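This briefing covers one protein chain, and its points are grouped by topic. The sequence and the structure come first.

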Amino acid sequence: MRILVVEDEPLLADAVAEWLRGEAHAVDVALDGAAALERIGVNDYDVVVLDRDLPGVHGDQVCRTIAAGHGETRVLMLTAASDVDDRVTGLALGADDYLPKPFAFRELAARVSALGRRARPAAPPVLARGGITLDTHLHQVFRDGRYVPLSRKEFAVLAELLRADGAPVSAEQLLEKAWDEHTDPFTQAVRMTILKLRRKLGDPPVVLTEPGVGYHLK
């Protein structure tokens, strides 16, 4: 998934981002509300992890903007306040879930994954096609019963191809979902990742190239 972490404490923001990247997500970071709105206006995020008490543009305004114009983006709101009235107010603003600080990273990651499943058409936890099975929960891939060790990026790309169920996926779409905003759009990262993925999955080839269109699974 493509995720935006909005948190004004840099150490916490980086820690959350690294944990989510470890789950094979593409993660961008914004340290204030204005930067968050700028990124939301440019990128399509599946989930926004949003600190409510932001400097400048308040988290409430960011949440309202997402709810008003980005209906497919889910919001997990974070706050140091944990009373019922505060949670109710946050949810009324358009947040989809609410997590008080301090929190366990494992719980945050689980809530993000749950929201991500709501942000796009429902897909089963185990994706399969052409002898390939990918378990999105256990982060395991098998081909014809053989375990295939993949890097985080290879796993994310394969998951997007499996979700497409044989339809072509462009390099731009793969960059949007599997890489963060710091990736050069003219990079060869997608092509190199596809090459490594093909090598690891083995023969016969199952990841095919459709010239001028993208990649798809056989």
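In this predicted model, V157 makes contact with L174, A178, W179, T193, I194 and L197, once neighbours within four places in sequence are set aside. V157 is also among the residues with the most contacts inside the largest nonpolar core, which has 27 residues. The chain as a whole holds eight helices and eleven strands.

**Nonpolar cores**

- Besides V157, the residues with the most contacts inside the 27-residue core are L134, L158, L161, L201 and V207.
- Two or more residues of this core come from each of β7, α6, α7 (171–178), α8 (189–201) and β11.
- Helix α6 gives the largest share, with seven residues.
- Another core, of 19 residues, lies apart from this one, and I3, L20, L78 and A109 are among its members.

- An open sheet is formed by four strands, in the order β6-β7-β8-β9, with antiparallel pairing.
- The edge positions belong to β6 (126–129) and β9 (146–147); each has a single partner strand, so one side of each lacks a neighbour in the sheet.
- Helix α6 (residues 152–164) packs on this sheet and touches β6, β7 (132–135) and β8. The direction of α6 makes about 115° with that of β7.
- Strands β6 and β7 run antiparallel and are joined by four bridges. Within this pair, V126 lies opposite D135 of β7.
- The β6 and β7 hairpin has two residues between its strands, and G130 takes a positive phi near 60° there.
- Strand β8 (residues 140–143) is joined to β9 by two bridges, again in the antiparallel sense. R143 has R146 of β9 as its bridge partner.

- Four bridges pair strand β10 (residues 207–210) with strand β11 (residues 214–217), and the pairing is antiparallel.
- E210 faces G214 of β11 across this pair.
- Three residues lie between the strands of this hairpin, where G212 has a positive phi near 80°.
- The relative accessibility of S170 is 14%, so S170 counts as buried, the cut-off being under 20%.

**Helix α3 and its surroundings**

- Helix α3 spans residues 59–69, and G59, D60, V62, C63 and I66 are buried in it.
- Viewed down the axis of α3, these buried residues fall within an arc of 160°, so they line one face of the helix.
- The exposed residues A68 and G69 are carried on the face of α3 turned away from its buried side.
- The packing partners of the buried residues of α3 are α2 (33–42), β3 (47–51) and β4 (74–79).

**The annotated position D51**

- An unreviewed UniProt entry places the feature "modified residue: 4-aspartylphosphate" at D51.
- D51 is located in strand β3, one of the elements against which the buried residues of α3 pack.
- With a relative accessible area of 2%, D51 is buried.
- Apart from neighbours within four places in sequence, the contacts of D51 are V6, E7, D8, G59, L78, T79 and K101. Of these, G59 is one of the buried residues of α3, and L78 is among the members of the 19-residue core.

**Residue A13 in helix α1**

- A13 belongs to helix α1 (residues 10–21) and counts as buried at 0% relative accessibility.
- Not counting residues up to four places away in sequence, A13 touches V5, E7, V29 and L31. E7 is also in contact with D51.
- A13 and V29 are 16 residues apart along the chain, and their C-alpha atoms are separated by 6.9 Å.

**The chain in total**

- Of the 218 residues in the chain, 44% are buried.
- Among contacts between residues at least 6 apart in sequence, 59% join residues at least 24 apart.

Definitions and conventions: Residues numbered from 1 in each chain as written. Predicted model: local features only at pLDDT ≥ 70, side-chain atom pairs only at ≥ 80, totals over all residues. Heavy atoms only, no water. Pairing = 2+ DSSP bridges. Contact = heavy atoms within 4.5 Å. Axes fitted to C-alpha atoms, helices over the stretch in contact; angles between N-to-C directions. Buried < 20%, exposed > 50% of the residue type's maximum accessible area, 1.4 Å probe, protein only. Arc of directions from axis to C-beta. UniProt positions renumbered as here; feature names shortened; annotations may be inferred. Core = buried A, V, L, I, M, F, W, Y, C linked by side-chain atoms within 4.5 Å.
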